[in-house]
Amino acid sequence: MEEQDLSSYRKVYEKRELLTEDTPENPLELFRSWFLEVDQHFLEDETNAMTVSTIGLDGFPKSRVVLLKRYTYEGFIFYTNYESEKGKAILANPNVCLSFFWPKAERQIIIKGKAEKIPENMSDGYFESRPRGSQLGAIVSQQSEVIESRDVLDLNLKALEESFTGKEIPRPEYWGGFIVRPVELEFWQGRPNRLHDRIRYKLEDNYDWTKERLSP
Ligand SMILES: Cc1cc2nc3c(=O)[nH]c(=O)nc-3n(C[C@H](O)[C@H](O)[C@H](O)COP(=O)(O)O)c2cc1C
């Protein structure tokens, strides 16, 4: 393959600024105001798509995109298969990193936190709210396992669809939510001349948030 030189790819960041005096004491409030602005003003396609990085059983970090489905002062919730590669990684090591990149707003947020399973009744509630197709998909997919072919997946889905005709589909116990309780959040706002704004919050004694500006 012929090599491709990307050294002239360069973008000027100039849409917003992030000043310490404008930031709230609680980083979740800043997360919320950035999220809403990105979603409603910058019209990002999938504002709730985030990268979740885990430390795998093989010792390597691995990152993949999942969808944020809820956030509160407690943390950030996403849904997945608990027996997937990420599910097993989290159960062995709950330290994870979430990150959001919103190019239209020239913003990035990086969150370190500890993941844990949410209560089963909460996962039940969300599973019930999903379309039938997604519910069946969650059952049919042994996420992250090797499969023989696409056809196997389609045939299994068809068989499952028939067996559940007219019936409610129960949540499989291996599928549910994780909540990531944050310990550190870093907000990055692109600025001209690569002199970007970075504000980092850290949780002290499980209670108070401290705030610092980082050099770009
Ligand atoms: C935009 C987007 C959204 C996704 N949302 C989810 C999700 O909410 N939950 C999930 O388990 N996988 C989701 N995936 C698939 C994951 O990126 C990944 O392929 C899958 O979870 C298996 O990862 P693992 O083998 O590392 O566990 C999404 C992928 C993309 C590109």
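**Ligand site and pockets**

Author: A polar side-chain atom of Thr80 sits 2.6 Å from an oxygen atom of the ligand. Keep in mind that this is a predicted model.

Reader: Which oxygen-to-protein distance do you get for the polar side-chain atom of Ser144?

Author: For Ser144, the polar side-chain atom is 2.5 Å from an oxygen atom of the ligand. Leu67 uses its backbone instead: an N or O atom there lies 3.1 Å from a ligand oxygen.

Reader: How much of the ligand's accessible area does the protein cover?

Author: The protein covers 66%. On its own, the ligand has 620 Å² of accessible area.

Reader: And how many residues surround the ligand?

Author: The count is 13. Arg64, Val65, Thr80, Lys86 and Ser144 are the closest.

Reader: Which elements each supply at least two residues of that shell?

Author: Strand E2 (61–67), strand E4 (76–81) and helix H2 (85–92). E2 gives the most, with 5 residues.

Reader: What about classes: how do the shell residues divide into nonpolar, polar and charged?

Author: The shell around the ligand has 5 charged, 4 polar and 4 nonpolar residues.

Reader: OK, pockets. How much space lies in the largest pocket?

Author: About 320 Å³. The lining of this largest pocket comes to 16 residues. Tyr79, Thr80, Arg130, Gln143 and Trp175 lie nearest its centre.

Reader: Which elements give two or more residues to that lining?

Author: E2, E4 and helix H4 (132–140). E2 and E4 also each supply at least two residues of the ligand shell. Thr80 turns up in both places too: it is among the closest residues to the ligand, and among those nearest the centre of the largest pocket.

Reader: How does the lining of the largest pocket divide by class?

Author: Into 7 nonpolar, 6 polar and 3 charged residues.

Reader: Now the second largest pocket. What volume does it have?

Author: About 250 Å³. It is lined by 13 residues. Nearest its centre are Tyr73, Glu74, Arg181, Pro182 and Leu203.

Reader: Which elements give two or more residues there?

Author: Strand E6 (107–117) and strand E7 (175–189) do. E7 gives the most to this lining, with 3 residues.

Reader: And by class, what does the lining of the second largest pocket have?

Author: It has 7 nonpolar, 2 polar and 4 charged residues.

Reader: Switching topic. How many aromatic pairs does the count come to?

Author: The count comes to 18 aromatic pairs. Take Tyr13 and Trp188: their ring centres are 5.6 Å apart and their planes are at 85°, so this pair is edge-to-face.

Reader: Where in the chain are Tyr13 and Trp188?

Author: In distant parts, 175 residues apart. Tyr13 is in the segment before helix H1 (27–40), and Trp188 is in strand E7. E7 is also the element that gives the most to the lining of the second largest pocket.

Reader: Last one, the overall picture. How many helices and strands are in the chain?

Author: There are 5 helices and 9 strands. Along the sequence the pattern reads α-β-β-β-β-α-β-β-α-α-α-β-β-β. The C-alpha trace spans about 60 × 55 × 40 Å along its principal axes.

Key. Residues numbered from 1 in each chain as written. Predicted model: local features only at pLDDT ≥ 70, side-chain atom pairs only at ≥ 80, totals over all residues. Heavy atoms only, no water. Near = heavy atom within 4 Å. Polar contact = N/O pair within 3.5 Å; in protein donor to acceptor, adjacent residues only side chain to side chain. Areas by Shrake-Rupley, 256 points an atom, 1.4 Å probe, with all protein chains shown as cover. Helix = DSSP H or I, 4+ residues; strand = E, 2+ residues; numbered from the N terminus. Nonpolar A, V, L, I, M, F, W, Y, C, P; charged D, E, K, R; others polar. 1 Å grid on protein atoms, 1.4 Å probe; cavity = no way out; pocket = protein on both sides within 12 Å on 5 of 7 lines; lining within 4 Å. Points joined across faces, edges and corners; volume = space filled by probe spheres on them. Phe/Tyr/Trp six-rings, centres within 6.5 Å; stacked < 30°, edge-to-face > 60°.
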